[in-house]
Amino acid sequence: MADKPETIPSVLRDKTRYPRWTEAMVDALPRLRAEGRKWFQLYDKVADEKTLKSAWERIDARVTGEARSRGAGVDGVTVEMFSRTAGETITALAAALKGGRYQTEPVKRHWIPKPGTGKKRPLGLPTVADRVVQEAARGMIEPIWEEQFLDGSHGFRPGRSTNTACLLLEEYLASGRVWIVDADITGCFDNISHEATAELLYRHIADSKMRGLIKVMLKAGVMEEWTHRRTEAGTPQGGIISPLLCNIVLHEMDTRLENEGIKWVRYADDFVLACKTREQAERAMQAAARALAPLGLQLHPDKTRIVHLEEGFDFLGWHYEGTRRWPRDKTVKSFRGRIAETTRRNRPDAIEKICSELRPFQQGAFNYFRNGNSEYVFSRLDGYIRRRLRSILRKRKRGGGISKGLDHILWPNAYFSNKGLFSFAEQLHLHRAKPYHSPAGG
């Protein structure tokens, strides 16, 4: 059965993440769940000015650099702009919430490229004020579900990551579960049933004002090209509370899979089922489809497939095949695209400046993929970046053309190293020389 033992995750005692949760409230979580009792008086804590101020401080701390001046909602207010009047705005938000006058603004629809494809996916940007309220609400209701979420769920949870998801998957593969259901939910965030979400919230929250606040968030609608469209299903990607609501809804599927003895790993709406035979995999896929239907969701008929480990499959940016895993082709293609944008041949900047701009996302890619079988991909990326830089130098020296063999003599690898270029191969050597490193990265 999927019932968890009455243990309390230590993350629930994090006062920074959950400032309004007392020790007594945390201690009561497993008991109240076991007794089928619900939570009252949550809304008044969300509406409290101290709670909203704490929520704003968390947002303010994690939005840094250039991001502070981007990502405005329909009101045009960025995080940087909000920070200038945060005190007065939060006081007004608290008054509106307490007086029952709070209404969310529509989310601003923004389309961003899907890595490795020519397609785009929608991102919904709430106003900063609405993000503050969402963060306050998340901080109040998340512990109720975090205490009961299952071990296969890893996305957007404190203390969990893509790394922990990969570690669990590798345990299953090593145990002989080599038949994989590579699952894809059709438009998960866009199609989650509001009715199903309301029912799941009602199971644990008796506070009707708290449930009503979340309903208002779900029904806020979308603004795109000055057209306001109501939303009858889904929760916008980009909203602070959306990942939690997604986890709450998909916890229903997790529980059914667990009760049927199916091994699974899920990161938000991306999940795989690990089985020992193809027949088990077929039954597992059918079980997942049955569990998703009442939630307003379905498996994508073309993208969901059953594969053997020897055929290979992709999960969380990795390609798994046999006993090895390396960055998937789409991820590498997307990364090369970012490199190409930064290393246009007509760039006038100094090579040191270009290398400095490349470093942050090189470092990010290295940190994510450093512990797989990434040597070959890393080596090719190093070569690709140096060729792009040599093409810049060649254009300056000779007027154009693609980097060729002699350029390697004019500008050897050491030249770029001296200019501060990040080397994947060099960093991998240093990383593996350390006494210990996790087998799944992080």
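Reader: Is R305 buried, partly exposed or exposed?

Author: Buried means under 20% relative accessible area, exposed over 50%, and partly exposed in between (1.4 Å probe, protein chains only). R305 has a relative accessible area of 37%, so R305 is partly exposed. Please keep in mind that this is a predicted model, in which local features need pLDDT of at least 70 and side-chain atom pairs count only at pLDDT 80 or more, while totals for chains, interfaces and linings use all residues. Residues are numbered from 1 along each chain as its sequence is written, and side-chain values use heavy atoms, with hydrogens and water left out.

Reader: Which side chain does R305 meet in a salt bridge?

Author: A salt bridge is a side-chain nitrogen of Lys or Arg within 4 Å of a carboxyl oxygen of Asp or Glu. Here the partner of R305 is D182, at 3.5 Å from N to O. This pair links distant parts of the chain, since D182 lies in strand 3 (residues 179-184) and R305 in strand 8 (residues 305-308), 123 residues apart. At 11% relative accessibility, D182 counts as buried.

Reader: Where do E142 and R138 lie?

Author: Helices (H or I, at least four residues) and strands (E, at least two) are DSSP runs, numbered from the N terminus. E142 and R138 both lie in helix 6, four residues apart, which is about one turn of the helix. Their closest N and O atoms are 2.9 Å apart in a salt bridge; E142 is buried at 2% relative accessible area, and R138 is buried at 6%. Both residues belong to a network of salt bridges that also links R17, R58, R62 and E135.

Reader: Where does helix 14 bend?

Author: The bend at a residue is the angle between axes fitted to the seven residues ending there and the seven starting there. Helix 14 bends by about 35° at R359, and the proline P360 follows within four residues. In helix 1, a kink of about 40° lies at L29, shortly before the proline P30.

Reader: Which strands stand at the edges of the sheet?

Author: Two strands pair if DSSP finds at least two bridges between them. Four strands form an open sheet with mixed pairing, in the order 2-1-4-5. Strand 2 (120-125) and strand 5 (227-229) stand at the edges, each with a single partner strand, so one side of each is left without a neighbour in the sheet. Strand 4 (residues 222-224) pairs with strand 5 in the antiparallel sense over three bridges.
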